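Subject: Structure for your files

Hello,

Here is the structure I said I would pass on. Please open it alongside this message.

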Amino acid sequence: MNAHSINAYKINDLSIGMKAQFTQPVTPEMMRQFLALTGDTNPLHTDPEFARACGFDGSVVYGMLTASLISTLGGCFLPGMYCLIRGVKVQFAKPVYVGDILSVTGEVARLDTDFNYVEIKVAIRNQRGEKVLRGLLKAGFTDDRANTREGKAGGRNGK
């Protein structure tokens with residue numbers, strides 16, 4: 001995965017319609033790491049012949065690997081470092097394959113400043129512009145104590 005710079009938006013920095021986007025190529029190494037992490041040995045993801053017999057073009061990338069890019073969207077881009085993910089809804093629209101270049105886009109769809117809450121509409125498209133995932137990221141924000149890192153205001157608890 002690419003290393004990304006991190007935005008630091010707070011609730012009052014956001015507005016309805018605000019967008020963020022990044023791209024991520026899907027590599028064989030990502031598939032190996034996901035398999036090692038989850039233990040998901042389903043042949044749809046690990047055996048290209050099996051996947052072709054099921055009507056796919058080859059091994060299908062793990063859906064949850066694709067969906068995990070929503071964490072990157074929230075934690076690095078929109079809103080960024082103060083994001084506290086409360087929930088995620090996803091629908092898988094098309095299969096993803098190793099070698100695909102995914103474009104992840106988030107758009108602020110709802111803001112509630114009273115409850116420090118944002119909903120971000122998510123779309124992930126492949127290099128052909130085909131939507132492979134649609135989703136909704138529901139997030140809150142860490143409180144201001146997150147601004148006091150070790151060495152600044154005396155540590156994690158702000159003391």
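This is a predicted model: local features need pLDDT of at least 70, side-chain atom pairs count only at pLDDT 80 or more; totals for chains, interfaces and linings use all residues.

Overall make-up

The protein chain holds five helices and five strands. Read from the N terminus, their order is β-α-α-α-α-α-β-β-β-β. The chain has 159 residues, and 38% of them are buried. Its accessible surface is about 9100 Å², with 51% of that belonging to carbon and sulfur atoms. Of the contacts between residues at least 6 apart in sequence, 66% join residues at least 24 apart.

Strand β5

Strand β5 covers residues 131-141. Eight of its eleven residues are buried, so the rest of the structure largely encloses this strand. The cut-off for buried here is under 20% relative accessible area.

Which strands pair with β5? One is β2 (residues 83-92), which runs antiparallel to β5 and is joined to it by nine bridges. Within that pairing, Q91 has R134 of β5 as its bridge partner. Another is β4 (residues 117-125), also antiparallel to β5 and also joined to it by nine bridges. There, R125 is bridged to K131 of β5.

β4 and β5 form a hairpin with five residues between the strands. In this hairpin, G129 takes a positive phi near 85°.

Regards

Terms used: Residues are numbered from 1 along each chain as its sequence is written. Side-chain values use heavy atoms; hydrogens and water are left out. Helices (H or I, at least four residues) and strands (E, at least two) are DSSP runs, numbered from the N terminus. Buried means under 20% relative accessible area, exposed over 50%, partly exposed in between (1.4 Å probe, protein chains only). Contact means heavy atoms within 4.5 Å. Accessible areas come from the Shrake-Rupley method with a 1.4 Å probe; for residues, only the protein chains shown count as cover. Two strands pair if DSSP finds at least two bridges between them.
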